[in-house]
Amino acid sequence: MAQALPFRSATCCCRRAVKFAWSLPAQKRSMLSLHAGPVERLDFPPQLPEQYWSQLPKRMRPDQVKREIKIHENPPSEWKTCKEPVKLIDQQQMAILDPTGARARLFDPKNPDGAKAGDIILATFKTGEPFSGVAMSIKWRGPHTSVLLRNQLTRVGTEMDIKVFSPLVQSMEVAQKAAKRPRRARLYFLRKPKHDMGSVQKIVDGYLRQRAILTGGSPGGAKRQQGGVRGGVRGGTRRR
Amino acid sequence: MPPKTTVLVAVPLPPSFLLPRSCLQSSKRAVQQTRSFGIKSLDSPRVNPYNNGPGLPGLLSTPKAAYERKIRSDTLPLRTGALAIKRGMTAIYDTESGERIPCTVLQLERNQVVHHKTMKEHGYYAVCVGAGTKHPKNINKPELGHFSVQGVGPKRYLQEFRVRDEQGLLAVGESIHATWFMEGQYVDTRSDCKGKGFQGVMKRWGFGGQPRSHGHSLSHRSAGGTGNGQGGGSRVYPGKKMAGNTGGQRNTVQNLKILQTDEEKGIVLVNGAVSGPKGCLVMIQDALKKPWPNVPPPPKPVEKNAELREAIGAKIGTSQNGL
């Protein structure tokens with residue numbers, strides 16, 4: 001009996017422990033962490049070594065101070081110095097190509113004495129080959145103004161679209177004004193045989209003779225046209 | 001009868017797995033909880049699954065290898081580009097040859113370097129250029145903070161220009177003017193071309209359409225067949241050209257010559273056409289397929305940064321100036 005006592009007390013202790021464990025509420029034994037009220041917020045240690053700063057979000061780092069947003073000035077605007085750059089480039093081009101402004105005046109749509117559709121125009125080029133014809137259409141586009149001239153060379157209808165302000169054009173003269181103001185801006189009907197004016201060479205020759213008398217020079221200012229025009233202006237030659 | 005005296009015998013505790021958790025944790029609970037830092041993985045270090053290591057040739061499908069290929073092919077510009085607005089087209093005459101040169105007028109507008117992308121932080125080198133201006137109330141706060149920290153005003157447009165190395169990183173806050181481009185040099189322009197809306201296959205892909213007559217009715221501009229029958233799987237293959245939304249996407253025009261520049265007015269005159277309507281944003285950068293232009297070196301970034309630091313009293317160029 002005396003020998004069994006230590007064994008009994010040991011089993012008793014173990015049983016008591018097991019009994020205690022079972023008597024605990026279920027939530028305490030569970031492996032799941034159930035919601036147990038608000039989590040207590042812990043403060044940072046007062047002096048956190050700098051080596052740990054990188055583990056913190058940037059906004060929580062001790063060296064982060066709230067920076068106020070400052071609106072800086074933008075550099076001055078280029079657009080305000082030049083609101084229409086395309087126009088400016090065109091003006092610069094005009095100043096280079098037509099410094100006197102004489103040709104711009106000739107091809108000014110507001111000028112009553114200027115060139116109009118239906119006029120007979122004589123153009124001379126730097127290469128020395130003149131071309132004359134009836135102006136079928138004038139496209140007013142600033143430095144890109146062009147005129148479409150139609151003539152007959154060796155009985156073949158010939159048209160040439162000339163950029164008026166091209167550096168290859170030496171001069172543009174109106175040999176004869178239209179007798180009547182045409183009621184159309186584009187006289188494409190002149191291509192029809194019924195309306196075709198034919199060669200305007202005689203009219204141009206008469207103009208050149210008259211000009212020579214007035215200026216006292218020789219009428220060979222513009223050479224008489226021989227056959228077709230070669231070279232010409234970039235911008236297109238069209239022949240018919 | 002005298003009370004029984006219980007005899008207490010010291011008994012060793014059973015092994016820990018038999019003990020309740022409350023007994024086990026009692027000792028730990030006594031210690032005050034402190035916040036600990038650092039995460040240690042429970043997993044063992046992973047074995048390198050790639051066939052690389054010392055003595056082996058480098059891997060080809062890595063960002064590093066891709067960058068090296070890019071450097072070797074010399075397709076990254078040495079310096080940044082600029083942002084411009086397309087103002088329209090015109091032509092100028094070459095007074096010597098009489099040639100008429102069609103050109104596009106581009107205008108730079110308040111170009112400034114806003115940010116850098118670096119190899120260390122972002123994996124590549126690029127200069128973030130801002131253009132135009134915007135009212136601060138129309139910008140969200142993170143972006144406004146970004147401009148504030150970089151020391152530049154709020155910008156309407158922001159674009160990146162990749163550069164080869166850090167030599168090409170123009171200092172933050174530096175203005176880019178039209179004279180950044182030399183007359184006679186070649187550039188590439190990138191812009192969004194004009195949107196055409198929903199278009200048929202003839203306009204979108206240049207299909208021929210069907211004849212006007214010879215028995216064709218109601219299908220003169222349609223696509224026709226879209227694939228073969230049973231032999232081809234009885235289905236339409238992915239990528240089949242069909243009608244759909246056309247235009248409006250980014251287009252690059254390469255090798256355009258710079259004809260004129262005007263620093264004060266911000267005008268850059270470029271030979272030929274640039275994609276997009278008037279008023280669209282155009283990115284101009286040195287041409288990839290021509291020799292790099294011989295340009296004077298840009299101002300030293302150190303001086304500029306020192307000025308800026310004084311001006312705004314904030315940290316510039318440090319790694320902590322994120323959004």
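**View 1. B:His214 sits in the loop between H5 and E9 of chain B.** Helices (H or I, at least four residues) and strands (E, at least two) are DSSP runs, numbered from the N terminus. This is a predicted model: local features need pLDDT of at least 70, side-chain atom pairs count only at pLDDT 80 or more, and totals for chains, interfaces and linings use all residues. Residues are numbered from 1 along each chain as its sequence is written, chains are lettered from A and ligands numbered from 1 in the order in which they are written, and side-chain values use heavy atoms, leaving out hydrogens and water. B:His214 has a phi near 60°, a positive value in a residue other than glycine. B:His214 counts as exposed because its relative accessibility is 75%. The cut-offs for relative accessible area are: buried under 20%, exposed over 50%, partly exposed in between (1.4 Å probe, protein chains only).

**View 2. B:Ser234 is found in the loop between H5 and E9 of chain B.** Its phi is near 55°, a positive value in a residue other than glycine. B:Ser234 is exposed, with a relative accessible area of 52%.

**View 3. Six residues of chain B, B:Lys194, B:Lys196, B:Lys203, B:Arg212, B:Arg221 and B:Lys278, form a positive surface patch.** Patch residues have over 30% relative accessible area and no salt bridge; like charges are joined within 9 Å, and nonpolar side chains (Val, Leu, Ile, Met, Phe, Trp, Tyr) within 5 Å. Lys and Arg count as positive and Asp and Glu as negative; His and the chain ends are not counted. Each charge is placed at NZ of Lys, CZ of Arg, CG of Asp or CD of Glu. Accessible areas come from the Shrake-Rupley method with a 1.4 Å probe; for residues, only the protein chains shown count as cover. B:Arg221 lies in the loop between helix H5 (201-205) and strand E9 (244-247) of chain B. B:Arg221 is exposed, at 53% relative accessibility.

**View 4. Helix H4 (residues 141-150) of chain B is mostly covered.** Of its 10 residues, 7 are buried. Among them are B:Leu144, B:Phe147 and B:Val149. B:Asn140 caps the N-terminal end of H4(B), with a side-chain oxygen 3.2 Å from the backbone nitrogen of B:Glu143. Just after H4(B), B:Gly151 takes a positive phi of about 80°.

**View 5. B:Arg110 forms a salt bridge with B:Glu109.** A salt bridge is a side-chain nitrogen of Lys or Arg within 4 Å of a carboxyl oxygen of Asp or Glu. Here the closest N and O atoms are 3.5 Å apart. Both residues are buried. B:Arg110 lies in the loop between strand E2 (100-108) and strand E3 (111-117) of chain B.

**View 6. B:Glu160 forms a salt bridge with B:Lys117.** The closest N and O atoms are 2.7 Å apart. The pair links distant parts of the chain: B:Glu160 is in strand E5 (residues 157-162) of chain B and B:Lys117 in strand E3 of chain B, 43 residues apart. B:Glu160 is partly exposed at 28%, whereas B:Lys117 is buried at 18% relative accessibility.

**View 7. In chain A, the side chains of A:Asp196 and A:Arg150 meet in a salt bridge (3.1 Å, N to O).** A:Asp196 lies in the loop between strand E5 (169-176) and helix H6 (201-215) and A:Arg150 in strand E3 (residues 146-153), so the pair ties together parts that are 46 residues apart in sequence. A:Asp196 is partly exposed at 25% relative accessibility; A:Arg150 is buried at 6%.

Technical notes
A polar contact is a pair of N or O atoms within 3.5 Å; within protein, one must be able to donate a hydrogen and the other to accept it, and residues adjacent in sequence count only if both atoms are side-chain atoms.
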